[in-house]
Amino acid sequence: SGSFYRTGGDEFAAIWVNSVTDPNQAVGELRQKLSEWKDSYGNVLSMAVGYTSSKDHTDCSVKEIVRLADEAMYADKRAFYQQNGRDRRAPRT
């Protein structure tokens, strides 16, 4: 159980309370479901995920927990672009 929030643009936050024992498995299942989606034009979706747990960072504030999850999300995004041979910040030709 948990709650999902749109934090702006195309960014969302999910807050799970004592319900996810293996975050990697939960993210894997979410990615699997997302990979099955296509619109009528054949477009697909991708997502970058970053997460952390207050259990792993008991000395951190909520703000710090969010920052750590955000850093992980940007690392995931960089890995996606490297894996797919794309640099979305490169000038388009």
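I take a pocket, on a 1 Å grid over the protein atoms alone, as an open set of points with protein on both sides within 12 Å along at least five of seven lines; lining residues have an atom within 4 Å of a point.

I note that this is a predicted model: local features need pLDDT of at least 70, side-chain atom pairs need pLDDT 80 or more, and totals for linings use all residues. Numbering runs from 1 along each chain, and side-chain values use heavy atoms, without hydrogens or water.

**Second largest pocket.** I looked up its volume, the space filled by probe spheres set on the points. It holds about 170 Å³. I find Arg-31, Leu-34, Ser-35, Trp-37, Lys-38, Val-44, Leu-45, Ser-46, Met-47, Asp-76 and Phe-80 in the lining. H1 gives the largest share, 3 residues. I sort the lining into 6 nonpolar, 2 polar and 3 charged residues. I count Ala, Val, Leu, Ile, Met, Phe, Trp, Tyr, Cys and Pro as nonpolar, Asp, Glu, Lys and Arg as charged, and the others as polar.

**Largest pocket.** I read about 1700 Å³ here. Of its 39 lining residues, Phe-12, Ala-13, Ala-14, Gly-50 and Tyr-51 are closest to the centre. Two or more residues come from each of E1, E2 (11-16), H1 (23-35) and H2 (62-83). These are DSSP runs: helices (H or I) of at least four residues, strands (E) of at least two. H2 gives the largest share, 9 residues. I log 22 nonpolar, 9 polar and 8 charged residues in this lining.

**Tyr-5.** I place Tyr-5 in strand E1 (residues 2-8).

Technical notes
On a 1 Å grid over the protein atoms alone, a cavity is a set of points where a 1.4 Å probe fits but cannot get out, and a pocket is an open set with protein on both sides within 12 Å along at least five of seven lines; lining residues have an atom within 4 Å of a point.
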